[in-house]
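This report describes a structure in plain terms. Please look at the sequence and the model first, then read on.

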Amino acid sequence: MPVSKNKYYDLDITKTLTKNRLFGLLRLMKGYHWLYIIAIIALAVSTVSRTGISLVLQRFIDEVVIAGDYGSHLVIIILIFIGLALSQGAFAFISGWLSSKTAESSTRRLRNFLFDHLQRLPYAYHAESKTGDLIARSTSDVDAINRFFGEQAIGIGRILLIFIINFTALLQLNTRLALYSVIAIPIIIGVSIFFFSRVSKAYEEYQEQEATLSNRLQENLTGVRVVKAFARQGYESYKFDKENWQKFRLGKKLLSIHSLFWPVSDIVCGVQMLAAFFLGAIMALEGTITVGTYMAFSSLVVWIIWPMRNLGRLIVQTSTGMVSYSRVAEMLKQEREPLTDGEYHPEGSVQGEIIFDQVYFEYEKDNPVLQDINFTCKPGDIIALLGSTGSGKTTLVNLLPRFYDPTSGVITLDGVDITKYSRKYLRSQIGIVEQEPFLFSRTIRENITYGVHRKVTEDEIIQAAEFAAIHDVIEEFPRGYDTLVGERGVTLSGGQKQRVAIARALLKNPRILILDDSTSSVDTETEAQIRGALDHLMQNRTTFIIAHRIQSVMDADLILVFDHGKIVQKGTHEELMKQSGMYRDIFDIQTRIEVELEKEISSVNL
Amino acid sequence: MSTYNELEEKEYGKLTSHIFRRVLGLLKPHWKWAVGFLLCIALVSIIDSYTTFLSKRIIDEGIIAGSREAIVRTIIIYGSLILVQAASAFGFIYLVGVLAERVRYDLRKQMFNHLQQLSLSYFSETPVGWIMSRLTSDTERLSDLLTWGILDVTWAVINIATAAIFMFIINANLALIVIIMLPILILVAFRFRTRILYYYRQSRKMNSKITGAFNETITGVRVIKALSREEDNLEEFSELTDGMYHASFKAAWLSALFLPTVQVISALGLGVVLWRGGMQVQLGGMTIGGIQAFVSYITFIMWPIQDIARVYAQMQNAVASAERIFGLIDTEPDVKNRTNTIETETIEGDIRFEDVHFYYEEDDPVIKGLSFHVKQGEMVALVGPTGGGKTTIVNLLCRFYEPTRGKIYFNDVDYQDMKLEDIQSRIGVVLQTPHLFSGSIRDNIRYGNLTSTDEDIEKAAKLAGAHDFIMQFDRGYEQDVGEGGNLLSVGQKQLISIARAILAQPELFIMDEATSSVDTLTEALIQRGMDRLMENRTSFVIAHRLSTIKRADKIIVIEDGHIQEMGTHSELIRKKGKYYNLYTQQFRHELEAQYDILNKPQPVESS
C-alpha cells in the first residue's frame, strides 16, 4: 500500500530500497543530493586552495626571495596567499556545513519514517518480533547510517580528493618526483585495511566484555537482598573482579594491536617521505628543480602521505554502515497496516450490533485457534467469554479492532462487514481495558487523556478518575495528577493501572468495550470499587468481557463458553443453568466452595 | 556524602585542589607507567618539532649550500629520529592505553567493593541505572582525562614550547609574531570546543530520549493502535528528532567552522611572517629554509592548540564525573557494626521486638511501635495488605535496616550489639521474586554455601523437591539459568532458591511467599520444601497461601504499621475481624483455583 507523505517525512523510503546497499544508502539522501554534491565540490575547491598555497610558496621563494624582487610582486603574492587561505577555510566550512546538513536531515527523515513505520506495522509483526532487536535497528543502526553520510562517505571523498589534486600538482612540478613519492601508498592503504579489520574484531570482543561486566553489575545490584541475605559480598567481589580483569586484559590486547600499527605505519610513511625529500633535495641540488619547487614539493608530499593511514579505517567502517542499512531495510520491507482505507464511512457513532458468521482464525497454517464462531449481539449487550487460558477468548476480541483479520468467515458491525470500515474509525469506536494495562512514562493526567482526540477539561479528567475509583489514590501522590508513571517511589499496582485505563476508556467514550475482567490481586474493598467503575463503564455499550470468574458473567446477555477454540455452550445464565455442561459444572463449584467455607469456619468454632 | 539527587544533573564540575589531588592519587599505584608514557610522549613531541628544524637544514645546509653530504647526513639523522619516534610511539600508546584500562579496572573494583558494603536503604533510594553509569560512563570519562587527556596536553605543551624555541633560534623577531598570535588561537579554540561539546552532549541526551520513545512505542504498540494514537505520536516524536537534528547539526557545523577559523587566523600570521621574513632573507637575518620551517610550525600549531582545547572542554565533565564517583565511594553505610560488638556463636533462641519503630522519612512512619515475642522454633505468619509493613519487618529482622526507635532481641541480646556478618550468615531468606544469578543451576544452589560438595548440592535439591525437574534438563545441574534466571519458570526458580536456603543451613528462616501463580504440582513441592526448612527452626513467612497461614504457631496481621490482630488461626477466626475477612476471601480464591478450569490461584494481596 502506498505510504502517504507528510510534513515529518517527504519521502516514501520503502520505495528507495535497493539490493545494492551502497546505492540504497545514497538513495536515502534523496532531496539532498545537490547539497551533497555541492559539499563535495566545495571540498574540492578547498583542497585546490590548499594545494595552491604550496604552489604560491614556490613562486614566493623562486620569484621573490631568490630573485630578490621585493616590489609589488611580494605584496601580490602575499595577498594571493591570504586569499587562498581564506578560500580554503571558507570552502572547507561550506563543505562541512552542507554535508552535515545532508547527513542530519536524511537521518531525521529516516528516524521519523521508521518510527511511523513501526507503529503502523500490523500487530502480528510486533507480536512476533523481539523488542530489543527492533530498538537496536531503529537506533544504533540508524546512527551507523548517519555516520556513513556524515563521516565515512565524505571522509573517503576528502582523502581521495586530496590525493588526486595534490598528485596532479606534483605531476605538474616534476613527473619523476611525483611517481617516486607515492610508491608506498598502496602498502599504507593495504596495511591499514588489514589492521583496522583486526582492530574492529578485537574491539567487538572488548565491547562484548563490557556488556558482560554490565550484566554482572546489574545482577548484583538487583539481587542486593540475596547477596546480603547470604552475606556473599566477598564472593560477589570475586566474581566481579574476574570479569573486570578480563575486560582489562581485552583492553590490553586491543591496545597492543594499536601500539603496533601506529609506529609501523609511522615508519612506512616516514621512509616514503624521507625518500621523496632525499630525491627532491638531490634534484634541487643538481638544479633539475628549483628550491621553491622543492619546498612546494615537500609540503605536498607530507599532505598526500599521512591521511592515507585513515583510509583503511574509513573503508572498514563503511562495512558497518552497509550492514546497518540491510538491517533497517529488512524492517522497512514489511507492509504497513492501512489505517484509513475503507469504503464505508458512517456519520457519527456505530450502534454496536455485532454478528460473527462462521469465523475461523489461525496464526499458522493448519493450526486453528478459532473455529466456526457464530453469534449475534444487539447494541448494548454484554457478552461474556468464558474458558481456560488459550481457549481462544483473547484471539476473538483481537479480531474486533482488526489487530488480526479472520482467516475465513465474516464479522459484521451494524450489518456491515468490519473490513469495510477503516481501521481508524473502527478503533475509535472500541475501548479496551486490559488486565494489566500498559501505561506510558508520562504523567498520570497524560495517561488518562492518552488517545482522546479532543480537548479535555480538568473537570472531565477528575470526573473520569472518580468514576474509575482512582481519583483518591492519585490525590495521595505528592504531585497528584502530574505524577510521572514509573517515577521513583511511585509504583502503581496492577489494579491501579487497570483503573487508570478505565478512566481513559470513560473519556474516550466508545460504543464497544473490550474488558479483561480480572479483579485478581485486589482486596474486597477495592474489588467492589472496580466493579462499580466497570458497571458504570458498561452502561449503554456493547461489552465483551473476558471473564475469569463466574460472578462477572451472571448478568451477561450472552455467555460464550470456549474450549479449544470452539464455542461449546452459549446462552444466558438461566439458559445455561438448565443444561448440563461446563457452565453448570463451574457454577456448581462456586456453590460448593461456599459450603466448604462454612464447614471450614464452623470447624474452627468448635 | 553526596546523594545522587544533588549530582544527578550536574555536568560541569569545578576543579578544586582537593579533587585534583584525589584524581591524581588514582595514578599513584601505577606511577611508573605514568612516568613512562610521559617520557615517551615528551620524546615524540620534541622529535616532532625537531624534524621540522631538520627540513630547514636540508634546504639551507644542503640545497642552498650545495652540499650533498649535508643532505645525506641530515636525512640519516631524520631517518634515525623517525625510528626513535616510532619506538616511543609504541611505548606511549601501549603505556597510556594499558594505564587507562588499569585505572578503569581500579575504579570499578573500588566502587563495586564499596557497593557491597552499603546498606539496603542506599539501593532502594538509588536507581540501578544511576549506579551503573558511575561504573561505566563516569569511569570512562575520568580515566580518559587522567591518561589520554594528560598525554595530549603534555604533547601539545611541549610541542608548542619546542616549536617556539626553534623559531626563536631561527629568528626571534618573527617568533614574537607567532607568540602574540598564540593566545588568540587558544582563546578561539577553547570557545569553540566548549560549545561543540555542549551541543554534542545535548544530542546524546536527545538520542537517549529517542531510544526511550522507540522502546515505548514498540512495547505499547497495542494500546497505540487501539487508541489510534499514530499521528499524535509521530508529531511528538518529530519534536525529539527536531531537537536531535538541531543539536547534532550545530555540533557538526561548529566543528566544521572550528578548524578553518584557526587555519585562517594562522594564515594571517603566516602572511606577516612571509612578508617580513622574505625581506629579511636579503639582509641575512633569515634563510629560505627558515621560511620553510616557519611555514610548517605555524601550519601545524593548530593541532596542539586544538588538543589542549579539547581536553579543557572534556575536563569539566570529567571533574563532574569524579565528584560523582567519589560521592559514591564516600557514602557511609547506614547499617554497620558498632564499635563494641559481642561475639555470637549462634542466633538461636527467642526473638523479641520491643516497641520497634521505623521510618524512611520522619513524617511518614512505616512501622509504629511493634512489640511481640517469638519462641525458639516457632513459625510466624505475617499477613496483611501490601504497604502495611510486612516486608519492612523482614528487612528489620535481617538487619538490612535497623529500628529508628525500640529494640530487637535475639536470645535476649540486642541484635545491634552483634556483628552483621554473624547475623546474616545464619539467616536463610527466600524472596517473593526469587533472584537467581546467571550461571548454572549448580552454581546458584551453591550460593547458599560456597564450600559445599556436589553431593551436598544434590541432597539439598532433593530436599527442596527441585531434583526431579533439574534432572529433566539435558544438562541437569549444569543447565544455564539465563540472565536473572529467566530461562526457568517462577516455580522452578522458587524451588532452586529453597534448595539454596536449605544448603545454607540457617538458624532463622525467612520467606516471602510468592503471589504469582505456579502449577499445582510445583506448589505442592514448594510447600514440602518449606516444611523441611521450617523443621525445628524459628521462621517468619510473609504468607499468602492458606495452608501456610494455618500451620503457623502465630499469625500476625499487620496493617498500616501496626499489629491489628495476633494469635493462632482458630483464635483469629473466632474473632471475626480482619483476619476472618482475609481468610474467607482467600479461601474462595484458592478453591476456585483448585476446582476451576478457568482460574489460576489468586493470592491474598491488595492494591
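A residue is called buried if 20 or more other C-beta atoms lie within 10 Å of its own, exposed if 12 or fewer do, and partly exposed in between, with the C-beta atoms placed from the backbone. A:Val271 is partly exposed because 14 other C-beta atoms lie within 10 Å. A:Val271 is found in helix H10 (residues 233-286) of chain A. Helices (H or I, at least four residues) and strands (E, at least two) are DSSP runs, numbered from the N terminus. A:Val271 and A:Val301 are 30 residues apart along the chain, and their C-alpha atoms are separated by 12 Å.

The model is predicted, so local features need pLDDT of at least 70 and side-chain atom pairs count only at pLDDT 80 or more, while totals for chains, interfaces and linings use all residues. Residues are numbered from 1 along each chain as its sequence is written, and chains are lettered from A and ligands numbered from 1 in the order in which they are written.

**Domains**

Domain bounds come from an automatic or database domain assignment.

| Chain and domain | Residues |
|---|---|
| Chain A, domain 1 | 1-173 + 316-337 |
| Chain A, domain 2 | 175-288 |
| Chain A, domain 3 | 350-429 + 510-524 + 537-606 |
| Chain A, domain 4 | 440-509 |
| Chain B, domain 1 | 13-330 |
| Chain B, domain 2 | 351-426 + 506-595 |

In chain A, the C-alpha centres of domain 2 and domain 4 lie 52 Å apart. In chain B, the C-alpha centres of domain 1 and domain 2 lie 59 Å apart.

**Contact between the chains**

Two residues are in contact if their C-beta atoms, placed from the backbone, lie within 7 Å. On this basis 129 residues of chain B are in contact with 123 residues of chain A. Which helix gives the most to the side of chain B that touches chain A? Helix H9 (residues 230-283) of chain B does, with 28 residues. For the classes, Ala, Val, Leu, Ile, Met, Phe, Trp, Tyr, Cys and Pro count as nonpolar, Asp, Glu, Lys and Arg as charged, and the others, Gly among them, as polar. The side of chain B that touches chain A has 69 nonpolar, 43 polar and 17 charged residues.

**A pair of helices in chain A**

Two packed helices are described by the angle between their axes and the distance between the axes. Axes are lines fitted to C-alpha atoms, for helices over the stretch in contact, and angles run from 0 to 180 degrees between N-to-C directions. Helix H6 (residues 140-173) and helix H12 (residues 308-332) of chain A have axes that come within 8 Å and cross at roughly 145°. The contact of H6(A) with H12(A) has 12 nonpolar, 8 polar and 3 charged residues.

**Strands in chain A**

Strands of a sheet pair through backbone hydrogen bonds, either parallel or antiparallel. Two strands count as paired if DSSP finds at least two bridges between them. An open sheet in chain A has 4 strands in the order E2-E1-E4-E5, with antiparallel pairing. Its edge strands, each pairing on one side only, are E2 (368-377) and E5 (416-417) of chain A. Strand E4 (residues 408-413) of chain A is joined to E5(A) by 2 bridges, and A:Thr412 has A:Asp417 as its bridge partner in E5(A).

Strand E6 (residues 430-433) of chain A pairs with strand E7 (residues 512-517) of chain A in the parallel sense over 4 bridges. A:Ile430 has A:Ile512 as its bridge partner in E7(A). From E6(A), A:Ile430 and A:Ile432 point one way and A:Gly431 and A:Val433 the other way, and all are buried.

**The sheet in chain B**

In chain B, an open sheet of 6 strands has the order E6-E7-E8-E3-E9-E10, with mixed pairing. Strand E6 (427-430) and strand E10 (562-567) of chain B are the edge strands. Neighbouring strands of this sheet are turned by 15° against each other on average, direction ignored. E6(B) pairs with strand E7 (residues 508-512) of chain B in the parallel sense over 4 bridges, and B:Gly428 stands opposite B:Phe509 in E7(B). Helix H17 (residues 490-504) of chain B lies across E6 and E7 of chain B, running at about 175° to E6(B).

**Two loop residues in chain B**

Most residues other than glycine have a negative phi. B:Gln505, in the loop between H17 and E7 of chain B, has a positive phi near 45°. B:Gln505 counts as partly exposed because it has 15 C-beta neighbours inside 10 Å. B:Asn536 has a positive phi near 60° and lies in the loop between helix H18 (520-534) and E8 of chain B. B:Asn536 is exposed, since 8 other C-beta atoms lie within 10 Å.
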